[in-house]
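Please read the report below with the structure open beside it, and follow each element as it is named.

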Amino acid sequence: MNLDNIRNFCIIAHIDHGKSTLADRLLEITGTISSRDMKEQVLDGMDLERERGITIKAQAVKINFKAPDGREYIFNLIDTPGHVDFTYEVSRTLAACEGALLVVDAAQGVEAQTIANAHLAIENDLAIIPVINKIDLPSADPERVKREIEESLGIGAEEAILVSAKTGKGAGEVLEAIVKEVPPPKGDIGNPLKALVFDSTYDVYRGVVVFVRVIDGSIKKGDKIKMMAIGRTSEVEEIGFFSPKMTSAERIVAGEVGYVIAGIKQVKEIKVGDTITGAKNEAIEPLAGYKEVKPMVFSGIYPVDGNDYPNLREALGKLQLNDAALNFEPETSVALGFGFRCGFLGLLHMEIVKERLEREYELHLLATAPSVAYRAIKTDKSEAIIRNPSDYNADQVEKLEEPYIAATIMTPGEYVGAIMKLCQGRRGHQTNIAYLSDNRVQINYDLPLAEIVMDFYDQLKSKTRGYASFDYEHSGYRSSDLVKLDILLAAKPVDAFSAIVPKDRAYDRGKILVERLRKIIPRQMYEVPIQAAIGGRIIARETVKAKRKDVTAKCYGGDVSRKRKLLEKQKEGKKRMKQVGQVTIPQEAFLEILKVEE
Amino acid sequence: MFGLYLHIPFCRSRCSYCGFNSYAGLEERYTSYFEALLTEIEYQLSTEDWPVVSSVFFGGGNPAILGGKRLSLLLGALRKSFRLSPTAEVTTELNPEDATPELLKSLKSAGFNRLSLGWQTLNGDGLVSLKRRHNRQQAIDSLTAARGAGFDNVNIDMIFGLPNQTITEWRDDLATLASLNPDHLSLYSLSLEPGTELLRQVEAGKTELPPVDDVAHMYEIAIEVLRKSGFDHYEISNFAKDGHACSHNLNCWHGGEYLGIGAGAHSHLKGKRSWRVNDPIEYIVRSRENDTIAGNEVLDKGRKLGERIILGLRLCDGIDIGELEAEYGVNISDIYGDAIRDLKQKGLLVAGSRLALTEKGLLLANEAMVAFV
């Protein structure tokens, strides 16, 4: 196939703006899939994506398209993961394309994710085709949305294609625009092999299926290949395309998109962004843009019932088979016993993993407050990464740094004040504010990641009645004045309650925490002092008074059974609490630590 | 020991705190319910060879609502179906507004020898907030009337921890009680029962209960005051003078057998606990078929032992460990050794030849009992 007849593109959109529905229409009108099979969205909808977890996320579908002028084209539609946690994966997917459809909801307009993904596409030099979807909605306002696209992204939107993916209106124009606007791939089939790994998935029977875009050269069954970043070599067992089912092929060549199966057993043995080359005829330079993805958010995950520890270990191991970004190592907490410190790409990733563990493996879990990875520069100039606040020891640490993010928030104008207040309360620094249209404002903030891992998103949604959207990218480490806040129960520190907090907020945070814990921790046989401390100095104290009275009046009319059942209930309630030394702590207490009030 | 309990589930009106099986507004059912009780009592004659009855207790609701004549007939029917010991304790509950000389006289001549008067509080505001139908003076007069009718074994039911009740008011109540010299006192700490008006009021923020620490203190004060006045504190909630401990309730706490008759009445017979249907109308209908049992449970030996300990711990002198071990053929410390050590260490329990709650343990009885369920 002539490279001039190939078009590689993706669709980028905010959640629910119609990415999957549009993809379905394109597959349907090109006959890639019969309408009989079109009952469900072929590319992942958000729910399905959540159902499937996070790694079975991108798909690449080969579409044959006969243009009105009679020429035949091959389109490779590559799906992108839909969330901020996977920015890096999105950028690698974009790097496998020459063009992108930028889909924006005709009623909702530009949202935070639209902007974040569009910027990634611009950085990757993609041709961008603005598509305004859902024009069949009564509240559709394509002219306003065009202005928003131009204002926020600097992309000419006058020619934006008006589409109703639901009815199919405008889908034909989209296909023609892909031919016209998206440049054909460049590349030289005669050069040594260079193929970009943009995703992978795990198949129980075949092992890891690697998704690639061949940039130069070609690849066929039996080839010895090498992953340039990892340095691993293996033999190609099968190659092929998705149309949309996996269909094996003789070879794939420069400009094409497909899959490779090469005896790889775990997804962590393959890195997204890596370059595949020939083991014998090696390329000199790998493709640009590869980086090692590091987890940014950490949480201790513990079984409520200590006997479930081996089950939790097994479940995490199984999830990791298909989720290269998940990492975990054993951790022991004085308060919670044996568990694992797990690293995640971000909050969604953490939620998905926890939900899958609980749902698919039927585990009852207790997760500690999420923490970020702090970087400690010691007096001897060595560095240490602190993933668990209880590991932090201020001695010998010269400087403590924390990860920052660059956040984009899109909001109707009336909520600007509330958002600014929220971000300032979270140590945010405003970098930009732009009024895109009468009622659409883009605000950019630099924020410490630690400030958003708690309940930032919930707060943002509640303060804007759900209208604001939010996206972010990591922007490196910055030095901050931070201290470790410890919580002591009955004079003993409870490691699961420790947190690293800004020094100037430590006092207030400590005071709020001990007050809240006093309300949650039930009265016990002994008086329980609850203290907040910084480096051994107590900054706040509350006391849970000793329980004085717990007695039931009498067995009315000889109803002993009822009395016994009440006691049984009381005993069950006790079992659901964590015993830490002499103190019984209800599970809510561990969750309460997550909430930060303004 | 073998007790009989008879339940009369009717009241003229509901008290705000009451979560018992009792109904107001069913006046037209009194006669048929009375007849149902008679049917059920007569039916027992044919069922088995009952042991000698050591106590009879008429409770409610308000038994007096049926009138002295019917209560006398019911007691007479019991005498026909069962063998009452000549020394049997025969109690009926009685509200002050019903304690007329006529009624008291008829109860006395029918053979009732013990009264349990439902005073609940001596504070006028307290009586109003509980929606009782009597006032302070009627309460005091009811004791005088009982004495006048020849009752020399009278209990008074009191509640503490009432809405807005202060420690001073409670002390006043206790001083008055001591001076009136009843033979027995039952002091209950107010608990908010599901479905009661009081619970709704508290949840709606319209009524406030005293702080739990104050209520605990009220209990401690009661123990102190009543001991000084010559009462024997023999059970968590009960105080008696001169050997007037309630033998009907003692039997229950000792794990003894009893037969309950009437709507919602509980029985404990041959190791099985059973209960009858709560609804008086359903009870009336089902009594015709001798089919009033709503449910039952039989505990395995281990849980039965735990239940015995729980019940026994309600008594201030606790449980005779040796006796219990002999009865169950086990070694208590093999089974509960850790729990007992823990509770001793917490200061809730003393364990020698007997197992008993400490004074602190009385207030935290549930905390200790949980270890044995």
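In this predicted model, 22 residues of chain A are in contact with 34 residues of chain B. On the side of chain A that touches chain B, the residues divide into ten charged, seven nonpolar and five polar.

Chain A itself has 598 residues, of which 48% count as buried, and its chain is arranged into 14 helices and 34 strands. Among the contacts in chain A that join residues at least 6 apart in sequence, 70% link residues at least 24 apart.

One part of chain A is an open sheet of six strands, which lie in the order β2-β3-β1-β4-β5-β6 and whose pairing is mixed. Because β2 (60-66) and β6 (161-162) of chain A each have a single partner strand, they stand at the edges, and one side of each is left without a neighbour in the sheet. The partner of β2(A) is strand β3 (residues 72-78) of chain A, to which β2(A) is joined by seven bridges in an antiparallel arrangement; within this pairing, A:K66 has A:E72 of β3(A) as its bridge partner.

Helix α4(A) lies across β1 (6-13), β4 (99-105) and β5 (127-133) of chain A, and runs at about 155° to β1(A). Helix α5 (residues 142-153) of chain A also packs on the sheet, where it touches β4, β5 and β6 of chain A, and its direction makes about 150° with that of β5(A).

Packed helices can be considered next. Two packed helices are described by the angle between their axes and the distance between the axes. The table sets out one pair from each chain.

| Helix pair | Angle | Axis distance |
|---|---|---|
| α3 (residues 87-95) and α4 (residues 112-123) of chain A | about 45° | 9 Å |
| α1 (residues 30-47) and α10 (residues 280-287) of chain B | roughly 45° | within 9 Å |

How values were computed. Residues numbered from 1 in each chain as written. Chains lettered and ligands numbered in written order. Predicted model: local features only at pLDDT ≥ 70, side-chain atom pairs only at ≥ 80, totals over all residues. Axes fitted to C-alpha atoms, helices over the stretch in contact; angles between N-to-C directions. Helix = DSSP H or I, 4+ residues; strand = E, 2+ residues; numbered from the N terminus. Contact = placed C-beta atoms within 7 Å. Nonpolar A, V, L, I, M, F, W, Y, C, P; charged D, E, K, R; others polar. Buried ≥ 20, exposed ≤ 12 C-beta atoms within 10 Å, placed from the backbone. Pairing = 2+ DSSP bridges.
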